[in-house]
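Work through the exercises below with the sequence and the model open. Each task is followed by a solution in steps.

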Amino acid sequence: MIKELKAFLFKGNIVDLAVAVIFGSAFGAIITSLVEDIITPLLLNPVLKAVHAERIAELRWNGVAYGNFLSAVLNFLIVGTILFFVVKAAKQVIPNNDDAKEPTLTKEEKLLTEIRDLLAKK
């Protein structure tokens with residue numbers, strides 16, 4: 001049972017997935033910081049300066065922070081756009097097996113295929 005567990009945990013796919021999750025988490029933290037610390041203040045500061053101080057409280061309706069929502073939307077858009085380009089680039093680098101030609105059959109394989117098809121018809 002331990003051998004099976006070890007074989008499962010150290011398969012290439014599991015290790016690749018773990019690495020992808022770690023990199024994704026780190027990348028998400030970078031994008032979150034970019035949006036919350038740089039982009040959102042640049043977008044909201046002009047809006048808040050234009051609004052009178054007593055109206056700033058109205059921007060938070062029932063405790064909803066519009067800046068947080070804007071940050072989440074920008075996070076989603078940035079990560080989605082970058083992932084689109086990463087997947088597109090990966091498709092160009094990694095060969096597509098769908099375009100592979102059908103293997104040529106030997107005479108024996110063709111004969112066996114014909115026999116199989118005839119037997120299937122009966």
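**Exercise 1. Classify F84 by accessibility, then classify its ring pair.**

Step 1. In this predicted model, F84 has a relative accessible area of 48%. Exposed requires over 50% and buried under 20%, so F84 is partly exposed.

Step 2. A search for aromatic pairs gives 1 in the structure. The ring centres of F84 and F85 are 5.2 Å apart, and the cut-off for a pair is 6.5 Å.

Step 3. The planes of the F84 and F85 rings stand at 70°. An angle over 60 degrees counts as edge-to-face, so the F84 and F85 pair is edge-to-face.

**Exercise 2. Locate F76, and state which residues form a nonpolar surface patch with it.**

Step 1. F76 belongs to helix 4, which covers residues 66-93.

Step 2. Its relative accessible area is 64%. The limit for exposed is over 50%, so F76 is exposed.

Step 3. The patch on the surface consists of F69, V73, F76 and L77. Together these residues have about 440 Å² of accessible area.

**Exercise 3. Find the salt bridge and describe the exposure of both partners.**

Step 1. R116 and D117 are the partners, with an N to O distance of 3.2 Å between their side chains. The cut-off is 4 Å.

Step 2. R116 has 52% relative accessibility and therefore counts as exposed. D117, at 36%, is partly exposed.

**Exercise 4. Summarise the fold, the surface and the contacts of the protein chain.**

Step 1. Count the elements: the protein chain has 5 helices and 0 strands. Along the sequence the pattern reads α-α-α-α-α.

Step 2. Of the 122 residues in the protein chain, 7% are buried. The chain exposes about 11100 Å², and 68% of this comes from carbon and sulfur atoms.

Step 3. Take the contacts between residues at least 6 apart in sequence. Of these, 71% join residues at least 24 apart.

**Exercise 5. Which helices have the lowest and the highest confidence in the protein chain?**

Step 1. Confidence is lowest in helix 3 (residues 53-56), where the mean is 55. The highest value, 90, belongs to helix 5 (residues 107-121).

Step 2. Apply this to reading the model. Where pLDDT is low, predicted coordinates should not be read in detail.

Technical notes. Residues numbered from 1 in each chain as written. Predicted model: local features only at pLDDT ≥ 70, side-chain atom pairs only at ≥ 80, totals over all residues. Heavy atoms only, no water. Phe/Tyr/Trp six-rings, centres within 6.5 Å; stacked < 30°, edge-to-face > 60°. Buried < 20%, exposed > 50% of the residue type's maximum accessible area, 1.4 Å probe, protein only. Patch = residues over 30% accessible without salt bridge, like charges linked within 9 Å, V, L, I, M, F, W, Y side chains within 5 Å. Areas by Shrake-Rupley, 256 points an atom, 1.4 Å probe, with all protein chains shown as cover. Helix = DSSP H or I, 4+ residues; strand = E, 2+ residues; numbered from the N terminus. pLDDT = per-residue confidence, 0-100. Contact = heavy atoms within 4.5 Å.
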